[in-house]
Amino acid sequence: MRRSNLPAELNRFVGRAAEQDRLALLLDEFRLVTVGGVGGVGKTRLALRVAAAVQKRYADGVRLAELAPLRDPELVAHALVEALGLTDHTLRGPREVLLEHLADSRLLLVVDGFEHLVEECAGLVRELLRGCPGLTVLAAGRRPLRVDGEAVLSLAPMEEGDAAALLAGRAAEAGAGAVGDAGALRELCRRLDGIPLALELAAARLPVLTVEQMLQRLDDRFRLLDRGRRGALPRHQTLRTAIGWSHELCTPEERLLWARLSVFAGPFDLEAVEYVCAGRELPAERVVDVLGELLSQSLVFREETAAGPRYRMLDTVGAYGAEWLAALGDTERMRRRHRDWYMGLATWCELEWFGPRQAEVAACTDVALPNLRAALELCLESARDASLAQHLAGTLWFYWAGCGRLSEGRHWLGRALDGSGPPAAAAHGDARLKALWVLGYVAILQGDPTAAVAALHECGERARATGNAVAEAYATHRMGCLALLSDDMPRAEELIGRALESYRELGELNSNVLMGQVELALARAFQGDLEGAVALCAEVREICEERGERWTRAYALYVLAFAALTDGDHVSARELLTECVTINHTFHDLVGLVLALELLALVTATEGDAAEAAVLQGAAMPVWDSVGMPLFGSAHFNGPRALCAGKATEALGGEGYGAWYREGQGLSLDAAVDRALAERRSRGGGGGCGGAAAPRPFRTGRAPVPKTRKPAGSPTTAGGEAAG
C-alpha cells in the first residue's frame with residue numbers, strides 16, 4: 001500500500017500561511033481536527049496541503065477518504081476501507097476490518113465531505129479513535145463532527161492580499177494576461193467575499209471579461225459564474241452548486257431561517273433574528289437552536305464587536321438565501337419586519353443617548369449601521385413610506401452629529417426630504433419637521449449655511465403653521481447655532497436663549513437641549529461674559545454627571561477650559577481639554593475633537609512649548625478637512641488658533657514653525673490624539689513662548705524668544721541648532 005493517496009496539486013497553492021501553520025500545530029496536539037467553513041472557502045484544499053506537509057510525522061502515511069459522492073450512510077465504513085487500500089474476503093464487517101488494520105498503525109486519515117453523513121461518520125470516527133491509539137483524523141466539512149476531543153479550525157474567507165494574488169494567478173493560468181487596475185481587482189475580491197471557489201470561477205471568466213466588467217455584472221453573480229472546469233467534483237461545478245450543496249443538507253427550519261436571514265445587511269444580534277425571522281413555521285423558541293445549527297455548519301459566523309457578539313452571513317451565502325426567500329414569495333414582508341426592528345432600535349438608541357449608556361449606544365449604532373442603511377433604503381423605495389424615512393433619518397441625529405457621521409447623515413436626510421413625497425398633509429408631519437431641523441444642524445456643522453437656513457426656515461414655518469412647538473424650538477435653536485458660527489453673537493444669544501426657554505416650558509431635556517446651553521455659554525464668552533459662560537457650563541456639567549451623559553459634557557468642558565486659560569490657569573485648562581479630547585475621540589466626534597485640539601495647542605504654547613503647539617495645530621488641519629470649513633470661517637472660533645500661531649511663530653520663526661506644523665500634518669488621527677494626551681514636555685525641553693501668565697485668547701502679546709528645538713528631519717547648523 002502506498003503511504004499516501006493524496007492527489008497531486010494541479011496548480012499553485014496561494015496564501016493561507018497562518019492557517020497552514022495553525023492547522024499543523026493542531027495536528028500535533030489533537031487526534032481529531034476538523035476544518036470547517038462555508039462551501040467553496042477552501043477547506044479541502046487547505047486540509048490536503050497541510051496533510052501533505054506533515055505526512056513524515058506518520059510512519060504509515062496519510063490516506064484520503066472522500067465521502068461527498070456517498071448517499072447511503074451504511075457505505076461510510078466501506079469507503080474508508082477502500083481509501084486505506086484494504087481487501088478482505090472474510091465475513092467480517094468493514095468496521096471490524098478497520099479496527100484490526102489500524103490498531104497498531106500510526107496514520108493520518110483525511111476525511112473529506114462528510115457533512116451529509118455526519119451521524120454515521122461521527123460514530124465511526126469515535127470508534128476508530130478509541131480503538132486505534134496511533135490514528136489521527138483530519139476532517140474537512142461544513143460542520144463539526146462533535147466527537148469528544150475534537151479541535152475545530154473555522155476557515156474564514158481569504159484576506160484581501162491573498163485573494164487578489166489568487167485571482168490574478170488563476171486568471172493568468174486561464175490566459176487572461178494582465179488583469180488591469182489593482183484597485184478594481186481588490187474590489188472584485190471583496191465583492192466575492194474572498195471565497196476561493198468564487199475567485200477561481202471568476203478568474204475563468206477574465207479571458208473574456210475585464211475586471212471592471214465583472215464588477216458591473218456581479219448583481220447576478222450566480223448566473224455569471226455558472227460554469228466550472230472539466231473534471232471538478234460535481235459540487236464544485238458552479239458557485240451556486242457549492243452553496244446549494246450546503247442548502248440541500250439543511251433541515252426545513254434551517255433553510256427557512258437561512259432565507260429569512262438574507263434580509264440582514266452586515267452583523268446582527270440574536271434579538272433581531274428572533275423578532276424578524278420568527279413566525280408560524282419557525283416559532284420564536286426554536287430560533288436560537290436553528291441559528292446554532294447554521295452556525296455549526298459555517299453558514300453563519302459569530303464575531304465579537306464593540307457592541308458585543310454579533311452574527312454575520314457572507315454575502316454569497318445570503319444571496320442564495322435571498323433567492324430562496326423570493327421563491328417563497330416572502331421577501332417584502334421580511335424586509336418590512338427588518339425595517340421595523342431597526343426603526344425600533346434607532347428609537348431606543350436615541351432615548352438611551354441621554355444617559356450612562358452613551359458609549360454603548362454609539363457602539364451599537366455603529367455595528368447596526370449596515371442594517372440601518374438597508375431600513376432607510378426600503379423606506380425610500382415607496383413615496384408612501386417617505387415619512388418613515390424622515391423619522392428614521394431624524395431619529396439618528398445623535399449618530400450623525402455625535403459620532404462623526406455628518407456626511408452620511410446629510411446624505412440620508414437629503415434623500416428622505418427630497419424628491420416626490422407623500423400627500424401634502426402628511427408632508428407637514430412631525431417626522432418631516434424633525435428631519436428638517438436635523439438636516440439644518442448637520443449642514444451647520446459642515447459649514448453650509450445656505451442649506452442650513454433653507455431647512456431651518458422651512459421647519460420653523462411649518463412648525464408654526466401646524467402648532468408644533470417642539471419642532472419650532474429646535475429650528476430656533478439651530479438658527480441660533482448658525483448665528484454663533486457666523487460671529488453674530490447678539491443674535492445667537494437671543495435665539496438660543498429663546499429656544500432654551502421654550503424647552504423649559506415644554507419639559508424638553510436631552511443632550512440637544514444641554515448643547516444649546518453650552519452654545520449660549522459660548523456666545524456669552526465670546527462677548528466677554530466669562531462668568532456667565534462658566535455658570536451655564538457648570539450647570540451642564542453637573543446635569544451630565546448626574547445622568548452619565550458624556551458627549552455634551554465634553555463641549556461644556558471645552559468652554560470651562562477656555563475660561564480657565566483666560567484666567568491663566570493652564571493646569572486646569574489642560575486637564576479639562578484632556579478629558580474633552582478623550583470623550584470626543586471615543587465618539588468619533590471630529591467637530592468637538594478638532595476644537596479641543598486647537599485650544600490645547602494654545603495651552604501648550606502658553607505653557608512654553610511652541611514647537612509642540614505647532615505640531616498640534618498642524619495635526620488639527622487634516623481633521624478640519626474632514627469636518628468642513630476650518631473654524632467654521634468664524635473669527636471668534638479662530639481666535640485661539642490665530643493667537644497660538646502668532647506666539648509659536650514668534651518663538652520659532654516662520655521656517656521653524658512651518659517645519660513643526662508640517663510634522664503635525666503628517667500624523668494620523670490616532671497619533672494626533674496620542675500626542676495631545678501625552679504628558680506635556682517640561683518647559684525647559686522645548687521652544688517656549690515665555691511668560692507664566694497667558695494673555696486673553698483674543699488678545700495678542702509679545703514674549704521673549706528662547707532657544708528652539710528641532711523637528712524630526714530638519715536641517716541643523718554646525719552647532720546643532722535648527723537652521724534658519
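Predicted model: local features only at pLDDT ≥ 70, side-chain atom pairs only at ≥ 80, totals over all residues.
**Stop one: α23 and α24**

Start by selecting residues 449-466, which form helix α23, and residues 469-485, which form helix α24. Their axes come within 8 Å and cross at roughly 155°. An angle over 145 degrees counts as roughly antiparallel, so that is how α23 and α24 run relative to each other. The crossing is left-handed.

Now show side chains. On the α23 side, the contact is made by Pro 449, Val 453, Leu 456, Cys 459, Gly 460, Ala 463 and Arg 464. Facing them from α24 are Ala 471, Glu 472, Ala 475, Arg 478, Met 479 and Leu 482. Colour this contact by class and you get nine nonpolar residues, one polar and three charged.

**Stop two: α28 and α29**

Next, pick residues 551-566 for helix α28 and 570-586 for helix α29. Here the axes sit 8 Å apart, at an angle of about 160°. This pair is therefore roughly antiparallel, and its crossing is left-handed.

Which residues of α28 meet α29? Select Trp 551, Arg 553, Ala 554, Tyr 555, Leu 557, Tyr 558, Leu 560, Ala 561, Ala 564 and Leu 565. Their partners in α29 include His 570, Leu 576, Leu 577, Glu 579 and Ile 583. By class, the contact has 14 nonpolar, three polar and two charged residues.

**Stop three: the largest cavity**

The whole structure has two cavities of 30 Å³ or more, and the largest has a volume of about 210 Å³.

How does the lining divide by class? It has 16 nonpolar residues, no polar ones and two charged.

**Stop four: the second largest pocket**

Finally, select Ser 262, Val 263, Phe 264, Ala 265 and Ala 322, which lie nearest the centre of the second largest pocket. About 630 Å³ of space lies in this pocket, and 23 residues line it. Show α15 (315-327), α16 (331-353) and α17 (358-380), which each give two or more residues to the lining. α15 gives the most, with six. The pocket lining divides into 14 nonpolar, five polar and four charged residues.

Note on methods: Residues numbered from 1 in each chain as written. Heavy atoms only, no water. Axes fitted to C-alpha atoms, helices over the stretch in contact; angles between N-to-C directions. Helix = DSSP H or I, 4+ residues; strand = E, 2+ residues; numbered from the N terminus. Parallel < 35°, antiparallel > 145°, perpendicular 65-115°, else oblique. Left-handed = near helix turned anticlockwise from the far one by under 90°. Contact = heavy atoms within 4.5 Å. Nonpolar A, V, L, I, M, F, W, Y, C, P; charged D, E, K, R; others polar. 1 Å grid on protein atoms, 1.4 Å probe; cavity = no way out; pocket = protein on both sides within 12 Å on 5 of 7 lines; lining within 4 Å. Points joined across faces, edges and corners; volume = space filled by probe spheres on them.
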